[in-house]
Amino acid sequence: MAMKKEQRRAALVAEVAAGAEKRYKVATPLRSLMNRVFPDHWSFLLGEIAIFSFAVLLITGVYLTVFFEPSMQQVTYDGSYAALRGTDVSRAYESVLDISFEVRGGLFVRQMHHWAALLFMAALILDLLRKFFTGAFRKPREANWVIGVVLFVLGFLEGWSGYGLPDDGLSGTGLRIADGVMLSIPVAGTWISASLFGGEYPGTVIIDRLNVLHSFLLPAVVLAVTALSALLSLRQRPAQFPGPLRTEKNVVGERFFPRPLMKRGGLFFVVFGVVALIAGLLQINPVWLYGPSSGSDAASSSQPDWYVMFLDGLLRIFPSWQITIPIGDGYSIPPVFWPGVVVFGGMLAVTAAYPYIERRLRRDNSWHNLLERPRDAPQRTGVGAMALTFYLVAWVSGVNDIIADKFHISVNAIVWGGRVALVLGPALAYFIAVRICLGLQQHDREVLAHGIETGVIRRLPGGGFVEVHQPLAAGPLPYAGRAVPKKMNHVGALAPAVKGFFFPVERPPGDAEDARAKLTRRRKLPMAPERR
């Protein structure tokens with residue numbers, strides 16, 4: 001009877017599946033996806049971490065949207081936080097305080113949302129750096145690179161719009177800076193600012209508009225762009241690092257189902273758990289300490305989120321170059337326009353166009369499915385080192401007031417130091433990075449030509465000493481752009497090193513053989529008793 005029920009259930013499932021296949025033809029694309037081979041490398045997980053952190057953002061954002069009131073209507077606060085009772089605040093700020101102190105789990109979810117946003121941008125930027133330094137943007141993946149830059153811009157706007165929603169003193173300062181950058185744009189600046197704020201800053205509609213932008217429009221665009229990136233990735237052959245049996249026309253790895261799929265499912269829960277752990281242990285954005293926003297006040301020692309800090313630093317250290325155009329009574333272009341619009345916009349434009357610039361400079365129109373190690377493209381690595389140095393100097397300049405206060409240094413000295421470092425630092429970083437890459441290439445070629453250092457010192461008849469090298473082949477091997485073994489245990493000449501933090505040593509051959517013999521004896525099955 002039980003067998004018949006199982007057979008009927010199996011037949012029903014098969015019938016439903018067959019009906020779905022006849023109607024929607026889902027088996028072929030699913031089979032193609034499950035059988036798709038993906039190369040295995042830890043750096044490929046950076047993009048997935050960005051996707052999973054964005055999923056955490058969506059989950060927590062829906063929860064916060066239920067309790068948040070995007071209104072600038074003034075009310076008198078009478079909630080749980082005693083220090084602000086009797087203070088005139090906006091409804092948006094009041095609702096954020098209520099979420100933090102009165103909604104069950106509200107503060108925890110708020111902090112999860114903020115930490116997930118920081119993780120999303122960190123993983124996205126690291127994934128862009130991985131693609132840049134390994135040449136993953138080369139033909140035919142230029143569109144994927146441009147999509148990554150577009151996602152950075154969307155994440156930047158998402159962070160800025162969410163930063164302004166609480167309507168506290170810190171977010172008000174950020175909105176005021178953004179308003180100054182908008183007003184600096186020639187001709188169109190006043191129209192852009194008035195359109196966003198509904199008049200002069202701060203207006204009465206900015207929070208409502210930022211809420212629509214942050215909660216609905218930008219997430220939908222991010223999802224659409226992410227889906228487009230995934231579709232393009234599925235249409236192309238996955239890129240992989242050079243290695244044995246790996247060519248431009250094959251992929252060495254694992255099928256997506258079952259192990260990689262299960263690993264990605266586990267990675268999502270790891271990301272969710274890490275974000276939850278950080279949110280529960282580390283406080284971030286305590287809006288109750290900043291007080292309500294005021295159009296005439298600015299929070300002292302206020303800094304934006306880390307991925308916006310470089311733009312704040314550029315605004316602080318850029319010279320006060322104000323240009324007056326002789327039109328009518330004189331039209332002035334304020335100094336904020338150059339770092340806030342020209343430099344920032346130029347950085348984004350050059351970054352998005354870099355695949356086409358490099359392809360033209362290298363005259364390389366071939367397809368590339370094998371990645372390059374950074375040492376094998378010294379000029380590109382040098383350019384990346386220049387960009388990172390420029391970014392870091394600008395980032396540090398974004399906290400120059402705090403550095404001056406804590407270390408008792410003149411702010412003017414830090415500003416001039418930042419200007420000098422912004423000019424000389426990238427050039428120095430380019431030179432150092434290129435020389436390091438060339439040195440690493442030379443070292444790899446020496447190993448291929450002479451062999452691996454064995455650590456065995458031999459004395460020559462003349463009294464000198466030389467180290468014995470283990471050749472990798474009968475003759476010198478050509479340089480193929482892949483990882484070269486540097487230790488004897490990499491080629492199987494020695495047992496693998498014992499993994500450990502306090503004792504990272506290799507077992508002597510005798511100990512390894514004894515351990516293997518003991519393990520064999522333990523696993524030996526007991527003999528069956530004799531029959532009598």
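Let's start with Arg130, which sits in helix α5; helices here are DSSP runs of H or I with at least four residues, strands are runs of E with at least two, and both are numbered from the N terminus. Is Arg130 buried or exposed? Arg130 is buried, because its relative accessible area is 16%, and buried means under 20%, exposed over 50% and partly exposed in between, using a 1.4 Å probe and protein chains only. Leaving out neighbours within four places in sequence, Arg130 is in contact with Ser43, Phe44, Leu46 and Ala136, where contact means heavy atoms within 4.5 Å.

A quick word on what we're looking at. This is a predicted model, where local features need pLDDT of at least 70 and side-chain atom pairs count only at pLDDT 80 or more, while totals for chains, interfaces and linings use all residues. Residues are numbered from 1 along each chain as its sequence is written, and side-chain values use heavy atoms, with hydrogens and water left out.

Okay, back to α5 and its partners. Two packed helices are described by the angle between their axes and the distance between the axes. Axes are lines fitted to C-alpha atoms, for helices over the stretch in contact, and angles run from 0 to 180 degrees between N-to-C directions.

Take α3 and α5: their axes are 8 Å apart, at an angle of about 155°. That's why α3 and α5 count as roughly antiparallel; the cut-offs are under 35 degrees for roughly parallel, over 145 for roughly antiparallel, 65 to 115 for roughly perpendicular, and oblique for the rest. The α3 and α5 crossing is left-handed, meaning the near helix is turned anticlockwise from the far one by less than a right angle, with clockwise being right-handed. By class, the contact of α3 with α5 has 17 nonpolar, six polar and three charged residues. Nonpolar here covers Ala, Val, Leu, Ile, Met, Phe, Trp, Tyr, Cys and Pro, charged covers Asp, Glu, Lys and Arg, and the others, Gly among them, are polar.

What about α5 and α10, residues 259-281? Their axes come within 8 Å and cross at roughly 120°. That makes α5 oblique to α10. The crossing of α5 past α10 is right-handed. On the α5 side, the contact includes Phe108 and Trp115, and on the α10 side, Phe272 and Ile278 are among the residues involved. This contact has 11 nonpolar, two polar and no charged residues.

Among the buried ones are Tyr93, Glu94 and Leu97. The cover over them includes α3, α5, α9 and strand β3.

Met182 lies in helix α7, residues 169-183, and is buried, at 14% relative accessible area. Not counting residues up to four places away in sequence, Met182 touches Trp160, Gly189, Ile192, Ser193, Leu196 and Phe197. Pro244, on the other hand, is in the loop between α9 and β4, and Pro244 counts as exposed, at 62% relative accessibility. Between the C-alpha atoms of Pro244 and Ala279 there are 43 Å, with 35 residues separating the two along the chain.

In the model, residues 416-438 are 100% helix, with end C-alpha atoms 33 Å apart.
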